[in-house]
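Work through the exercises below with the sequence and the model open. Each task is followed by a worked solution.

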Amino acid sequence: MPKDKFPMTQAIRVLKKSGVSYTLHFYKYEEKGGTARAASELNVDEHMVLKTLIMEAHTGEPVVIIMHGDKQVSTKGFARALNVKTIKPCEPKTAHQHTGYFVGGTSPFGLRKPLNIYLEKSVGDLPEIFINAGKQGLLAKMSSQDLIKILKPIPVNVAI
């Protein structure tokens, strides 16, 4: 697909401005299909397809966690890492208010509000990753080190 056929999202603007190398990839979005659907359509290991989750501490403070597609976030472990009582996923409407993105299209790039971003530590070991580019059914392929360079996330070990 020609480059001019890709939508221009806030995430893509951030990627362009950063100067890192990336490619955009469409897949047929399916509600509740998640990273398994994207990995299947793109014929890649689901471990390389990252999900961007918006979570909320018991205090109401929202945070972002980037996790491997084939793993889950240990909310108890994440709460301990953040030194808070509890943490849970935000409701979709609340997540949209914080990020400007709709569920299934949430990217860690170009968030509406500045949020603390956490990254599952082992993501940095992957040579390349696929991550949402700000629209349902659109992923950016890039190196994990470029992701870290742009976002400067806080590494955590909370995968289960």
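This is a predicted model: local features need pLDDT of at least 70, side-chain atom pairs count only at pLDDT 80 or more; totals for chains, interfaces and linings use all residues.

**Exercise 1.** Describe the lining of the largest pocket.

*Solution.* Start with the space: the largest pocket holds about 850 Å³. Next, count its lining, which comes to 29 residues. Nearest the centre are Lys-51, Thr-52, Leu-53, Val-103 and Gly-104. Then assign elements: helix H2 (34–42), strand S2 (50–57) and helix H4 (92–99) each give two or more residues to this lining. S2 gives the most, with six residues. Finally, sort the lining by class: 15 residues are nonpolar, ten are polar and four are charged.

**Exercise 2.** Find the aromatic pair and state which parts of the chain it ties together.

*Solution.* The structure holds one aromatic pair. Its members are Phe-78 and Tyr-118, with 5.4 Å from centre to centre and 80° between the planes. Planes over 60 degrees apart count as edge-to-face, and this pair is edge-to-face. Now place the residues: Phe-78 belongs to helix H3 (residues 75–82) and Tyr-118 to strand S5 (residues 116–120), so the pair ties together parts that are 40 residues apart in sequence. Last, check burial: both Phe-78 and Tyr-118 are buried.

**Exercise 3.** Work out the strand order of the open sheet of three strands and name its edges.

*Solution.* The order is S1-S7-S6, and the pairing is antiparallel. Strand S1 (22–26) and strand S6 (128–135) pair on one side only, which makes them the edge strands. Neighbouring strands are turned by 30° against each other on average, direction ignored. For detail, take S1 and strand S7 (residues 138–143): five bridges join them. Phe-26 stands opposite Leu-138 in S7.

Methods:
Residues are numbered from 1 along each chain as its sequence is written. Side-chain values use heavy atoms; hydrogens and water are left out. On a 1 Å grid over the protein atoms alone, a cavity is a set of points where a 1.4 Å probe fits but cannot get out, and a pocket is an open set with protein on both sides within 12 Å along at least five of seven lines; lining residues have an atom within 4 Å of a point. Grid points are joined across faces, edges and corners, and a volume is the space filled by probe spheres set on the points. Helices (H or I, at least four residues) and strands (E, at least two) are DSSP runs, numbered from the N terminus. Ala, Val, Leu, Ile, Met, Phe, Trp, Tyr, Cys and Pro count as nonpolar, Asp, Glu, Lys and Arg as charged, and the others, Gly among them, as polar. Rings of Phe, Tyr and Trp (its six-membered ring) pair if their centres lie within 6.5 Å; planes under 30 degrees apart count as stacked, over 60 as edge-to-face and the rest as tilted. Buried means under 20% relative accessible area, exposed over 50%, partly exposed in between (1.4 Å probe, protein chains only). Two strands pair if DSSP finds at least two bridges between them. Axes are lines fitted to C-alpha atoms, for helices over the stretch in contact, and angles run from 0 to 180 degrees between N-to-C directions.
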